[in-house]
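Here is a brief report on charges, patches and overall build. Keep the structure open while reading.

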Amino acid sequence: MTNTGRAVLRARGLSKVYRMGQVDVHALREVDLDLEGGELLVLLGASGSGKSTLLNILGGLDRPSGGTVHYLDEELTGLDDDDLTDYRRRHVGFVFQAYNLIPSLTARENVALITDISSNPMDPAEALGMVGLGDRVDHFPAQLSGGEQQRVAIARAVAKRPDILFCDEPTGALDVETGKKVLTVLDQVNRETGTTTAIITHNAAIARMADRVLHMSSGQIAEEVRNPSRASVEEIEW
Amino acid sequence: MVSPSFRALTWKLLRDLWHLRGQMFSIVLVVATGVMTVLTMRGGYESLLRSQAAYYSQTRFPDLWSSLERAPRSVESELEEIPGVSAVATRVNYMARLDLPGLNVPGMGLFISVPDHGAPELGGIVILSGRLPGAASTDEVVISRVFADARGLVLGDSVRAILNGRARDLRVVGTAVSPEHSYSVPPGALYPDDERYGVFWMRRGVLGPLYDMEGAFNEVVLDLAPGADVDVVTARVDAVLDPYGGRGAFPRADQFSHLVLQGELDQNRVMGTVIPAVFLSVAAFLLHIVLSRLISTQRTQIGVLKAFGYTDREVGRHYLAMAAVASGLGTVLGAGAGVWLGGAYVRMYGTYFNFPALNYDFSVTLLATASLVTLGSAALGALQGARSAARLPPAEAMRPEPPPSFEPGPFERLGLGRVLPAAGRMILRSLERRPVRALLSALGVAFSVAILVMGMFMFDGVTFMMDLQFRLAQREDLQVAFREPLDVVVRHELARMDGVTTVELYRNEPARLRAGHREREVGLQGFPMGSRLRRIVVDEDDIRPLPAEGLVLSQILAERLDVEVGDTVDVEFLEGRRAEVLVPIAAVVEDFIGVSAILDRDALDRLAGGPRTASGALLAVHAEARDRLLERIEEAPAVASVQSPAMTLETFQAQLADSLFIAVGFLLGFAGLIAVAVIYNGARISLSERGRELASLRVLGFRRQEVAVLLLGEQAVVTLLAIPAGWVLGYLFSLSVVDSVRTETYRVALVISPRTYMISAVITVAAAVASGWIVRRRIDHMDLVAVLKTRE
Ligand SMILES: Nc1ncnc2c1ncn2[C@@H]1O[C@H](COP(=O)(O)OP(=O)(O)OP(=O)(O)O)[C@@H](O)[C@H]1O
Ligand SMILES: [Mg+2]
């Protein structure tokens, strides 16, 4: 168990309302959540249930309409833009649902873009090696398949050795084999470096590799399951 | 905090620049043109101003002039003692006839003395070749450069002059220029005539005795101490010289060459300020809108950078660098071209002004101003483009730009939508969704139209004035000048010639017009009462016959003499009985092509006295007989010259066409660039913003043509909207040019021909079509898979 049990991120009463003309869309309703240091958390839920919204707020990419988020003793919801940027820069790594690579940069440069501003990063080539792309470092995003782009995005996120890693459907576009490779990397990073990791997925099978699984529904956490033991990625079939 | 190297971000910058090279290139060229215009026109003007100052100080250009009958040199010390006078130089100067081969009319030389030893200290000359005359020699002269050039005279050649009735062969030992004679017009003429009129400098000890002026002078020039009151000194000088036939001292502001030069420089100043200011602001404007749009397409990338912890400042710096590269390259390119063209500009005007030395002075201040303006607007545009994305929470910035509430806009609600095809509705909605952007683009294109209008209107103005002059005022088909005044019976001889329908004799008398201390030598022209061939054109709707009494002066002449209708001028005839009379001014007309003074011929006969003679005739002839008559009359021994105003007009129009060609070529280039920069960039940016959408349409089976219509239709609408706006803007630009020029000695009528409006629209549309075509090719070669796989 890498889980230290201590909450690194603490969210209380989080809500998010999108105002769409006359209608209010409640993407999150009064969500309470603790992210424990070193744990691997999986978020499940139907499309539109608010998973991405929650992750974006925890990662400091977005602000809630109500409620608070604390990173250790620091209240993120009270930070100004500069301090929030600083929080992301020092502590957070992201893997986005849409890979969001910079098209004008090669795979290696996309990773370097982030390691350039990190204090203790991996070598970009090493990070790409970890995701099995050691031989594609000089390719541009347009020259890579969707799964390869996603793996570059993961290398980019882990290369900075973040304290918390947020992944929004990292395997959504991947075949089983590649998906496993990607999850193995995430699992390995979580175990070896104790990086607190939160993964959004539609694939319930993946939940078996987590310490804890949250089910979301209509902007609320409907169910929380703590796995007695984490399955290794190889054991998982889907 | 880490000190990041930004290596990867630098790569991104370089790759983006390369990727956007087409767009970058177009704005670099716009900036370059803006900067170049500043350095060429304003820099050229400032260089000319400095050359003028250097020339004036090198020759010690005087502050005050006075001519007089004759005064002994002892008066010099009286002048020197006047408070405020710091230096005095006296001279002897006479107009004399020259015996020049190959001329119908006698040549004239203005002979000016230089001191017996050394060079003149005040009112000096610059020797360009050869040397000053030898002190003791009696036949050596230095001649004006333009005269030497026009007549092909070289050192050692000789010129025969009739000095005080005695013919004398003078040997040319040098050529020179002097700011007092940078624009030298023979007495009675309107324009310089270098083949027939020159300035001669001779030693005083030689020239003086020839005119009985040993130990005396008939012209004095003075230098004033700093801070001296010109009016006070003038009055004192007049008082001293009055007993010696003083003609009234006048300051620099009334010195003819200086006046002309100053007028030209003023015009240069106006043009050198208005045009670069317009060009530079247009360049700045474009730089701003293009960069801000370009960068706002990188919205998602900005979101990613921010999500990973790049600060707003780092992101801002990244895009500022892009702006700096675009404006920096443009500035460097523009500075290079500007210095080069500035040199040509200075040489062109400097030659015309007869400056001894021509240097284009590179002005760091100007370059700094121009580059600050362009860099500033580039930076502002870049930051504005980046800010809208940076202001969003990264989560939102990374989402593709929200497809916001498309709803029927005002046009569609008016029912216009129903008549439009689906593509038309898409174009309309996309324009209505971003009205500000569409308006800014239209404004950019409108600038292109406006610059063309402004550039070409000047030719319209001149053409209009020429037309007014030749069609309405000066209506003869042939103008004949006689070698010597002839008896008026010559009228019958001319009238008998085949094809001649009307003959009007005129008389031309050289005279000096004086009002107060201002004076000007002109040819007074007398035309018959009720003349049909010469009329007074106040404007197109106000055409009057020549008044029976009083002078009609051209506006420019009236301004130089500082007189208006109702004032009187002192007319001193320069030939014959040399009568001196006071004549009222009956009318002042805008005479665009020269300086003239005309009056009723009978009145002129009365005033000048002597026999009733004719200096020439105006003829109206049948069109088909014109060329034949011209040749026949020219052969007559009594005839000095025959001119056809129509031919003058044709020559003028040919010259105009030449300069039109150059000017329009330049404007066309710049205006085209603006149109391309706006339209090409607009379409390219839309292409990258809507690439996925368009690619999806292609995948769904839309043809290239159909997709291109969607993208370029928007630009077409923008262009069409811009044209009328550009016409209005162009009219306003032209108005500002006319207004700023009008205060000087030169004027242009604000007339803009339909042709100008047409051409400006056609050129802009052509540039739009060309840019559309380039983008169209891009759509045709769009790699659908690649576009759908990544997004910018
Ligand atoms: N910018 C926005 N404006 C308006 N509504 C939004 C916005 N972003 C998300 N929503 C709405 O908020 C709700 C939650 O969205 P969210 O993206 O968190 O869902 P999700 O659980 O990640 O879904 P998926 O599994 O499809 O990614 C949805 O109903 C969505 O339509
Ligand atoms: Mg989602």
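Is A:Asp34 buried or partly exposed? A:Asp34 is partly exposed, because its relative accessible area is 24%, and buried means under 20%. Note that this is a predicted model.

**Salt bridges**

A:Asp34 has a partner. Its side chain meets that of A:Arg12 in a salt bridge, 3.1 Å from N to O. The pair links distant parts of the chain: A:Arg12 sits in strand 1 (residues 7–20) of chain A and A:Asp34 in strand 2 (residues 23–36) of chain A, 22 residues apart. A:Arg12 counts as partly exposed, at 35% relative accessibility.

A:Asp187 and A:Arg191 are also bridged. Both lie in helix 6 (residues 176–193) of chain A. They are 4 residues apart, about one turn of the helix. A:Asp187 is buried, with 8% relative accessibility, whereas A:Arg191 is partly exposed at 39%.

Chain B gives another case, B:Arg73 with B:Glu76. Here B:Arg73 is partly exposed at 36% relative accessibility, and B:Glu76 is buried at 16%.

| Salt bridge | Closest N and O atoms |
|---|---|
| A:Asp187 and A:Arg191 | 2.8 Å |
| B:Arg73 and B:Glu76 | 2.9 Å |

The count over all chains is 40 salt bridges. A network of them links A:Glu36, A:Glu39, A:Arg212, A:Glu224 and A:Arg226.

**A buried arginine without a bridge**

A:Arg88 lies in helix 2 (residues 81–91) of chain A. The residue is buried yet has no salt bridge. B:Asp312 is the nearest side chain of opposite charge, 6.4 Å away. The cut-off for a bridge is 4 Å. Beyond its neighbours within four places in sequence, A:Arg88 contacts residues of chain A, including A:Phe94 and A:Lys160, and of chain B, including B:Lys306 and B:Phe308.

**Surface patches**

A:Asp73, A:Glu74, A:Asp80, A:Asp82 and A:Asp83 form a negative surface patch. A:Glu74 belongs to strand 5 (residues 74–75) of chain A and is partly exposed at 38% relative accessibility.

Chain B carries a nonpolar surface patch of B:Val728, B:Tyr731, B:Leu732 and B:Leu735. Together they have about 340 Å² of accessible area. B:Leu735 is in helix 22 (residues 704–742) of chain B. B:Leu735 is partly exposed, at 31% relative accessibility.

**Chain B overall**

Chain B has 24 helices and 22 strands. Its C-alpha trace spans about 100 × 70 × 45 Å along the principal axes. Of its 792 residues, 54% are buried. The mean positions of its 78 positive and 85 negative charges lie 13 Å apart.

Definitions and conventions
Residues numbered from 1 in each chain as written. Chains lettered and ligands numbered in written order. Predicted model: local features only at pLDDT ≥ 70, side-chain atom pairs only at ≥ 80, totals over all residues. Heavy atoms only, no water. Patch = residues over 30% accessible without salt bridge, like charges linked within 9 Å, V, L, I, M, F, W, Y side chains within 5 Å. Areas by Shrake-Rupley, 256 points an atom, 1.4 Å probe, with all protein chains shown as cover. Helix = DSSP H or I, 4+ residues; strand = E, 2+ residues; numbered from the N terminus. Buried < 20%, exposed > 50% of the residue type's maximum accessible area, 1.4 Å probe, protein only. Lys, Arg positive; Asp, Glu negative; His and termini not counted. Charge placed at Lys NZ, Arg CZ, Asp CG, Glu CD. Contact = heavy atoms within 4.5 Å.
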